[in-house]
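Hi everyone, thanks for coming.

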Amino acid sequence: MQYIHCLNNISKYGTDLLPDTYELTEEFDKSTGVLVRSAAMHDMEFPESLLAIARAGAGVNNIPLDRCAEEGIVVFNTPGANANAVKEIVICGLLLGSRGIVEGIEWCRENADDENIAKAAEKAKKAFAGREILGKKLGVIGLGAIGAQVANTAIDLGMDVYGYDPYVSVGAAWRMSSEVHHVTNLDDIFRECDYITIHVPAMEGTIGMVDAHACELMKDGAVFLNFSRDTLVANAAMAAALESGKVHAYITDFAVPEVMRMNGAIVLPHLGASTAEAEDNCAIMAVRELVNYIENGNIVNSVNYPACDMGACPAGGHRVAVMHKNVPNTVSQITNAFGEEGVNIENLTNKSRGDFAYTLLDIDQEAPEAAIAKLNSIDDIRRVRVVC
Ligand SMILES: NC(=O)C1=CN([C@@H]2O[C@H](COP(=O)(O)OP(=O)(O)OC[C@H]3O[C@@H](n4cnc5c(N)ncnc54)[C@H](O)[C@@H]3O)[C@@H](O)[C@H]2O)C=CC1
Ligand SMILES: O=C(O)CCC(=O)C(=O)O
């Protein structure tokens, strides 16, 4: 039996896909697989039984990726599965930053008991007048699954779109409208655009990238949208820019105390991916990744181990997975360990990613205990698993 623990609410469209030999468990300490959304995992201890963590979503800054790699735990995410949901809320954010929608709604609520509200509204509405997004310049920082969709939809809405992403993938580039202007200097986005939206992961190199220098460069009355992570924006700089009127509105999906104290911030409680469709898509993809890894040893969409796919375990066949450091001589030690026990390797894939590597082997007989023990005694090997 394989035990799967959910650290957050995971759509049943995903968990219903778990085979009969899997059981959902409340006990984290006996889990083979974990499904998670935004739960903070950095301070958690992981049980020896844990093989993989699947993040039903895109951002993995809540998971200690390097420590997991060291402990032989594969971490997956679900690229693109919630991108449409975020794109739609970003378009909503553009309008919230352009029109007095929030203030107008508040005014109506405050005057709900006024019998003459219709007449009063006609007088009051001038305080909530705004501007249109048609023809305005939108800067998109990060053109991955979400950024590319936001850029395309903004083009369809008649905006003039500028995109910045020095690491854009070929797939995302193909999916993006040719009308998106390619920007190679981030400062140009801050300097030129009326609206700016950021869609990059929170990691070393992006945390704090919207700082005082960026705010200073912005056009007077710019609107800034952050549906990625709170840490990308230096809060003190944004608060000052809002205070001075340099930034007209800061639309963010992250309710942290510093942001809640900002005048001019429109704050949502991390709603970007909270649609039934996105939750189902993410859960389905996450469960498929987890089961494929546990059953076949295949790694698809991992963020800390290399991709490796040898298809389904051959019927009646034998497969062993070895997770190890990406250092010289390891693959030969693995093949020798089997060779010395008279085992023939029928298929072998070795892939590496940064400091770690993964070797998947189909062998002609049940893995001898002596070979497994030998592999487990090698320093640079992190985990050996008999898959089938
Ligand atoms: N508010 C919410 O509920 C959600 C928030 N997110 C956040 O949005 C982020 C982006 O999500 P996806 O588009 O799905 O990810 P993605 O991985 O498809 O795209 C990220 C893009 O950022 C680019 N990038 C990385 N460093 C950059 C830099 N320094 N400057 C410019 N571009 C850079 C990458 O090349 C990539 O194209 C996630 O990492 C997550 O933090 C994602 C989904 C839901
Ligand atoms: O699961 C969620 O609601 C959060 C989604 C998110 O932030 C992400 O996918 O990065």
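I'll call a residue buried if 20 or more other C-beta atoms lie within 10 Å of its own, exposed if 12 or fewer, and partly exposed in between, with C-beta atoms placed from the backbone. Helices are DSSP runs of H or I with at least four residues, strands are E runs of at least two, and both are numbered from the N terminus. This is a predicted model, where local features need pLDDT of at least 70, side-chain atom pairs count only at pLDDT 80 or more, and totals for chains, interfaces and linings use all residues. Residues are numbered from 1 along each chain as its sequence is written, while chains are lettered from A and ligands numbered from 1 in the order in which they are written.

So, helix α6. In α6, the buried residues are A145, I146, G147, A148, Q149, V150, A151 and A154. They pack against α3 (83-96), β6 (137-141), β7 (160-164), α7 (170-175) and β9 (195-198), with contact meaning C-beta atoms, placed from the backbone, within 7 Å. After α6 comes G158, with a positive phi near 90°.

Now, which helix gives the largest share of the shell around ligand 1? That is α6, with three residues. In total, 34 residues surround ligand 1, and the closest are G59, G142, G144, Y167 and G272; a residue counts here if its C-beta atom, placed from the backbone, lies within 6 Å. Domain 1 (1-82 + 273-305) and domain 2 (84-267) each give at least three residues to this shell, with bounds from an automatic or database domain assignment.

Conventions: Two residues are in contact if their C-beta atoms, placed from the backbone, lie within 7 Å.
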